[in-house]
Amino acid sequence: MSKTSDLSRRKFLGTSAAASGLILAAPHIAHAAGYPERNISVIIPTREGGGADRNFRAFSSIWKTKLGTDFEPGFFPGASGRVGYEVYMGKNEPDAYSLIFGNMGPEVLNWAMQPPTFDVDDYFYFGRVDTDPGCLFVGSESKLQTLDDIIAEGKKRKLNVGTSRMAHPASIGLLSLGEVTGADFNLIPLSGGKNTVAGAVTGEVDFSVLTSGSVIAAGDAVKTLLIFGENRVGERLHNAPSMNDVYGTDLPEMLSSRAFGIHKKAADDHPDRMDKLMTTFKATFDDPALLEAYVASKGTPEYLNYGGVDECAAFKAAMLELGEKYKPLLTGA
Amino acid sequence: MGETGAILIEVFFETIGFWWVIIPTIFLGLIVGGIPGFSAANTIIILMPLTLAMNLQTGLVFMVTLYCAARMGAGIPAILVNIPGTAGAAATPLDGYPMAKAGKGQQALAISFVASSIGGLLTTLIALATMPILARVGFYMHSVEMIVVMLFGISLIASIASQDMLKGLIAGFLGLMIGSIGTDVVYATPRGTFGFLEFYDGVPLIPALVGLFAVSEAFIIIEKKVIVTHEGDVRHSNWHDTFEGVRMALARWWHIVWTSLIGLVIGVIPGAGASIASFVAYQQSRTVSKTPELYGTGHPEGLIAPESANNGVTSGTLVPLLVLGIPGGATAAIMLVVMQFHGVSFGPSLFENQPKIGYGMFMAMAVAYLLMFLTILPLSRYMSHVTTIPTIYLAPMIISFTLVGGFVPREYMFDMYLALGFGVLGYVARRTGYHVAAILIGIILGPLLERYFLLALKKSDGDIMTLFSSNLGNVLWVALVVSLITPVVLNRRRNKAKVVRQ
């Protein structure tokens, strides 16, 4: 009966250490298994009420049903999107409970103009929501009603052209148009899509260039004349032709592309959470309800275009390269 | 009249039927408007799930009422405790608070409610009748013209500083320098941010507003027992004081009319807003007044001007939204998102395709102002008691509320420290005879002036003569010079007349 234990001191300490480790790790493991246990905050680096807001609400209304939690948007506009990214990278924990919903076009171009305080490789985009080509448009009452009018006038005098911000794919599209046609354009940053539409409509500028989704949302107050990419919506952009078709150029599509991004550290530390985010993101695209949500929110479902980590990385690299090329023209340097 | 008239009558009665939405929303709007940091825009965002769940017309009535009531609500703490709830009410305490301190808080509130309601109602009706013409204002007011409009507002610094010009100008320049912090509008280059990310988007308005006005005021009033100079006056508040306030406002009906029209016109310009309108209206009111020396001492006209103007802006903001599809301000932009979720397309075709929506928004505004007048006015008697709360309780409450208010818009702890910093600056300025309103005008209008100035220069390739390149701009320049010279000439004449009489 007197069975003696063969538990040595060393064994006891070793077992205790392992048990303690398990106990300490348990909440973490349980946490990962139950992800997400709370709402996910999303930093949006533009003002509420704009295209990103509309796009985010439509997409997240379906994604939340797949992920099983809600999204809480926080709007941090300013300095051409820089504020939102700096807040995300500097003030949000890399725990996969905070994401950024940015525009890979203008916001990545921005890094080529002025590097941020963080390393641009410390975050990455993992889910592309849409690709939206830039376009050239005039106010419905503008004297310049055709592309020929614009080119002819641009050869006589320097035309003021509204743009959301200097570092924008649509701005690069316009500079390319100037190079091809010899017309003289002066980019005027009007701080945001709404002001850019207003500038063209009210005659503050001769015409504007902008992401076409925002131009479609402006309705019949504007008339689109040229697309810096493919016209996927036909009549809704007034059947405007592609710049490559009109001028025989081989300009890559000047796209705005909204995508969800995340801290690289969050993905490295929590691969299981990352996996859940990516699989549910993909499942959202497979759900027909997404299309309905976009149509209901007056979005442009034709621009919905799923992209994963690789597609986003390629887009980001292309934007940084394009930014370096046009930096002198966009920074006034 | 015809078809449109029939639609208007139908929409009016339908809107009246929404009294059960309008009245609770009025009180909600007064609360969110009165708390610094909250506003109609962020309340609509917070309540967006609720708004989206409502049917189209209910959601529309709710948003419009909240917008109007929040604008009116911002004036209440501005008058009673020197805390403007929003930048649009920043000119309200200039004369509202001195009235409250003199034991006339109840009259001041009544004046504010009457000016706001009548100004809002009148401009709504005018906007409804002249929408196609008003929508054209934005076609003529470009960056050059807006530079002059900004200068109208900024010239108020000189008026405020009239008693001590050097100190006034120093305060104004300090405000302009603070206002220039942030990234530039053309190339987004950070300037004067001292390495703080929180300054990239400029100095945040609400922390500056609550710091300069409210926190510094709390430091000052703690040295007294109560806010009012004559304690007994308010303790026996009665209906008579409310009616006296109403009479004071109605006797100046013409003042309400023209200052609210300033608000309407500025409101229809995309990007311009209530803060510009209230300062410009105050400056114009003082310029044409026969008693400019009374401004800043609790003069009813100095209270009527900003309150009528900032409520005139609310109806003006709807015009570019409905007619052109361009939101005139932040709240209108949120409305655009919500209405688009309901499938409404704004723009020129709105009044052809969905006339009841277009007219309905104005009608909701008109009914909201009507009901606001009837429901809020009687409350001024009770609200005015705030000024009799002992300062040992009131001052900590002001500081707590305003620091939270400073935090809310961006949710940065930094903004709370900033509000305290501005509080200390405001306290030192007051104790040394510098006018905090002059600093604030620089902070609010400086960045707008700079934006329009840089855009005008960029458009003209740096040619400074572009400032005189438009006919309307030149007319405005002349008006600006006249409005600056007129008070000086009138003052000299009055002084001469005094000497002759003596």
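Predicted model: local features only at pLDDT ≥ 70, side-chain atom pairs only at ≥ 80, totals over all residues.

**Confidence in chain A**

In chain A, helix 1 (residues 9–33) has the lowest confidence, with a mean of 48, and strand 6 (residues 159–163) the highest, at 96. Within chain A, select residues 19–32: the pLDDT there is below 50, and the model gives this stretch four contacts beyond near neighbours in sequence. Next select residues 1–7 of chain A, where pLDDT stays under 50 and the model has one contact beyond four places in sequence. For chain A as a whole, the average pLDDT is 86, and 89% of the residues score at least 70.

**The two domains of chain A**

Colour domain 1 (39–131 + 257–331) and domain 2 (133–247) of chain A separately. Their C-alpha centres are 25 Å apart. At the contact, domain 1 of chain A contributes 18 residues and domain 2 of chain A contributes 19 residues. On the domain 1 side, select helix 4 (106–113) and helix 13 (309–331) of chain A, each of which supplies at least two residues. Helix 13 of chain A gives the most to this side, with five residues. By class, the domain 1 side comprises eight nonpolar, seven polar and three charged residues.

**Two backbone details in chain A**

Zoom to Y35(A) and P36(A), which are joined by a cis peptide bond with omega of about -5 degrees. P36(A) is located in the loop between helix 1 and strand 1 (40–44) of chain A.

Move on to S191(A), in the loop between strand 7 (185–189) and helix 7 (193–202) of chain A. Its phi is near 60 degrees, a positive value in a residue other than glycine. Is S191(A) buried or exposed? S191(A) counts as buried because it has 21 C-beta neighbours inside 10 Å, and the threshold for burial is 20 or more.

**Chain B as a whole**

The C-alpha trace of chain B spans about 65 × 60 × 55 Å along its principal axes. Of the 502 residues in chain B, 59% are buried. Among contacts in chain B with a separation of 6 or more, 80% are between residues 24 or more positions apart.

For a local detail, select F194(B), in the loop between strand 2 (190–191) and helix 13 (205–221) of chain B. F194(B) is not a glycine, yet has a positive phi of about 55 degrees. F194(B) counts as exposed because it has 8 C-beta neighbours inside 10 Å.

**Where the chains meet**

Show both chains again and select the interface, in which 36 residues of chain B are in contact with 34 residues of chain A. On the chain B side, helix 9 (137–140), helix 19 (330–341) and helix 25 (436–459) are the elements that give two or more residues. Which helix of chain B gives the most to this side? Helix 19 of chain B does, with seven residues. By class, the chain B side has 22 nonpolar, 11 polar and three charged residues.

**The largest nonpolar core**

Finally, select C135(A), V64(B), A368(B), L440(B) and I441(B), the residues with the most contacts inside the largest nonpolar core, which has 254 residues. Domain 1 and domain 2 of chain A both give residues to this core, so the core lies between them. Centre the view on L440(B): setting aside neighbours within four places in sequence, L440(B) is in contact with A90(B), G175(B), A208(B), L209(B) and L212(B).

Note on methods. Residues numbered from 1 in each chain as written. Chains lettered and ligands numbered in written order. Core = buried A, V, L, I, M, F, W, Y, C linked by C-beta atoms within 7 Å. Buried ≥ 20, exposed ≤ 12 C-beta atoms within 10 Å, placed from the backbone. Domains from an automatic or database assignment. Contact = placed C-beta atoms within 7 Å. pLDDT = per-residue confidence, 0-100. Helix = DSSP H or I, 4+ residues; strand = E, 2+ residues; numbered from the N terminus. Nonpolar A, V, L, I, M, F, W, Y, C, P; charged D, E, K, R; others polar.
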